[in-house]
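The sequence and the structure come first.

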Amino acid sequence: MQETEPQNSSLLEEPTIYKNAQISNTKNHTKSFALSLLIVFGVAFIFTIFFSQVILTPLTVIGASMQPTINKEYYDNNLSGSSLVYHNADTVYIKDSNTYNRGDIVVANVSHYMSSLNNDYLFIKRVVGLPNETIQFKKGAHISGFKFAFTIEITTINGQKFTLPEPYIAETMSMDTSISDNQYYYQATHEIPFTLGETEYYILGDNRNNSTDSRYIGAVQEKDFLGKVILHVPYGKTLLYAIYMKLFS
C-alpha cells in the first residue's frame with residue numbers, strides 16, 4: 001500500500017505569516033497617517049497664530065452697520081442696566097495697505113470727524129467712492145412720508161458715469177429728504193454732487209438704512225484708514241475656516 005506523503009507544514013504557516021504582515025503594515029500606515037495629521041494640524045495652528053497676531057490685526061466688530069456681510073448673527077443686550085453687553089460679534093483681520101479699491105471693506109479712525117465721538121472711535125465700512133471721483137445720490141421710488149429710495153451714481157476721473165451695483169446691501173437704500181441739520185446728509189438726499197479730493201474716499205455701511213457713514217461725516221482721508229479687511233471670521237467659526245473660505249470660495 002502506497003504511503004500518503006505528509007503535507008508540508010511550512011505551507012500551512014504561510015497564510016498566518018501573510019496575515020500578520022498585513023496587520024503590521026496596517027498599523028504602520030495608521031501611525032504614519034496619524035503623525036502626518038498631527039504635523040499638518042501643528043503647522044496650521046502655528047501658522048494661524050503667526051498670521052493673526054503678527055501679520056494681521058484682529059478686531060471685534062460691534063454694531064450692525066455692515067450686515068448682512070459682517071455680524072449677520074449680531075445682537076446686543078443691556079443686561080446690567082448700565083453698560084451694553086455685546087453678543088455674537090464677528091471678528092475681522094485687517095492689514096495696512098497703500099492701495100484701496102472700490103468694494104474694499106476698511107477700518108478708519110473717524111473720531112475727529114464728529115465732535116461727539118471718542119478719540120479712538122473706529123468705523124468699519126465699504127469703499128464706494130475713490131479719490132477725485134464724484135458721488136451723486138439719485139432719488140428713486142417714493143416709500144412713505146419724506147422717504148425715498150436712492151441709488152448711487154459715480155463719475156470717474158475719466159468722466160465715465162455709472163450706477164453703482166450693490167448686491168451686498170441689506171435692503172434698498174432709503175433716505176429722509178426732510179432732514180436738513182446735517183450738510184452731508186442734505187447734500188446726499190437732494191442729489192447734490194459730491195466731488196472727492198486727492199486722498200479722500202467715500203465709505204458706506206452695507207446695512208445702508210442703519211449706518212452712520214460718509215452721508216453724515218463726509219469723505220474720509222486715506223491717512224485715517226487703519227487698513228482693509230483681509231479675513232472675516234463669522235460668529236461661531238474659526239480663523240482656519242476664514243482662511244479656507246478666503247482661499248477656496
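Two strands are taken to pair if DSSP finds at least two bridges between them. The model described here is predicted.

**The sheet**

Strand E6 (residues 122–129) and E12 meet this criterion, pairing in the antiparallel sense over 3 bridges. Arg-126 has Leu-204 in E12 as its bridge partner. These two strands belong to an open sheet of 7 strands with antiparallel pairing, in the order E1-E4-E14-E5-E6-E12-E13. E1 and strand E13 (220–221) are at the edges; each has a single partner strand, so one side of each has no neighbour in the sheet. Helix H4 packs on this sheet and touches strand E4 (91–95) and strand E14 (225–233). The direction of H4 makes about 95 degrees with that of E14.

Which residues of H4 (residues 239–248) are buried? They are Leu-239, Ala-242 and Ile-243. These residues are on the same side of H4, because they cover an arc of only 100 degrees around the axis. An α-helix has 3.6 residues a turn, so residues three or four places apart point the same way.

In soluble globular proteins, nonpolar side chains tend to be buried together. The largest nonpolar core here has 19 residues, of which Ile-135, Phe-137, Ile-152 and Tyr-202 touch the most other members. Two or more residues each come from strand E7 (134–144), strand E8 (147–155), helix H2 (183–189) and strand E12 (200–204). E8 gives the most to this core, with 4 residues. Beyond four places in sequence, the contacts of Ile-152 include Val-128, Ile-135, Phe-137, Phe-162, Leu-164, Met-173 and Leu-204. Gln-136, Glu-166 and Arg-208 are also among the residues that Ile-152 touches. A second, separate core has 12 residues, including Val-110, Val-127, Leu-130 and Ile-203.

**Salt bridges**

The whole structure has 6 salt bridges. Three of them are listed below.

| Lys-228 | Asp-104 | 3.6 Å |

Lys-228 is buried at a relative accessible area of 18%, and Asp-104 is buried at 16%.

Asp-206 is in the loop between E12 and helix H3 (214–217) and Arg-126 is in strand E6, so the pair ties together parts that are 80 residues apart in sequence. Are these two residues buried or exposed? Asp-206 counts as buried because its relative accessibility is 0%, and Arg-126 is buried with a relative accessible area of 9%.

Most residues other than glycine have a negative phi, and most peptide bonds are trans. Where does a cis peptide bond occur? It joins Gln-67 and Pro-68, with omega about 5 degrees. Gln-67 is in the loop between strand E1 (57–60) and strand E2 (75–77), and Pro-68 is found in that loop as well.

Gln-67 counts as buried because its relative accessibility is 17%, below the 20% limit used for that term. Leaving out residues up to four places away in sequence, Gln-67 touches Lys-72, Tyr-74, Ala-170, Asp-206 and Asn-207. Gln-67 and Gly-205 are 138 residues apart in sequence, yet their C-alpha atoms are 8.1 Å apart.

Asn-71 lies in the loop between E1 and E2 too. Although it is not a glycine, Asn-71 has a positive phi of about 65 degrees. Asn-71 is buried, at 0% relative accessibility. Glu-191, also not a glycine, has a positive phi of about 55 degrees. Glu-191 lies in the loop between H2 and strand E11 (194–195) and is partly exposed, with a relative accessible area of 30%.

Terms used
Residues numbered from 1 in each chain as written. Predicted model: local features only at pLDDT ≥ 70, side-chain atom pairs only at ≥ 80, totals over all residues. Heavy atoms only, no water. Buried < 20%, exposed > 50% of the residue type's maximum accessible area, 1.4 Å probe, protein only. Contact = heavy atoms within 4.5 Å. Core = buried A, V, L, I, M, F, W, Y, C linked by side-chain atoms within 4.5 Å. Arc of directions from axis to C-beta. Axes fitted to C-alpha atoms, helices over the stretch in contact; angles between N-to-C directions. Salt bridge = Lys/Arg side-chain N within 4 Å of Asp/Glu carboxyl O.
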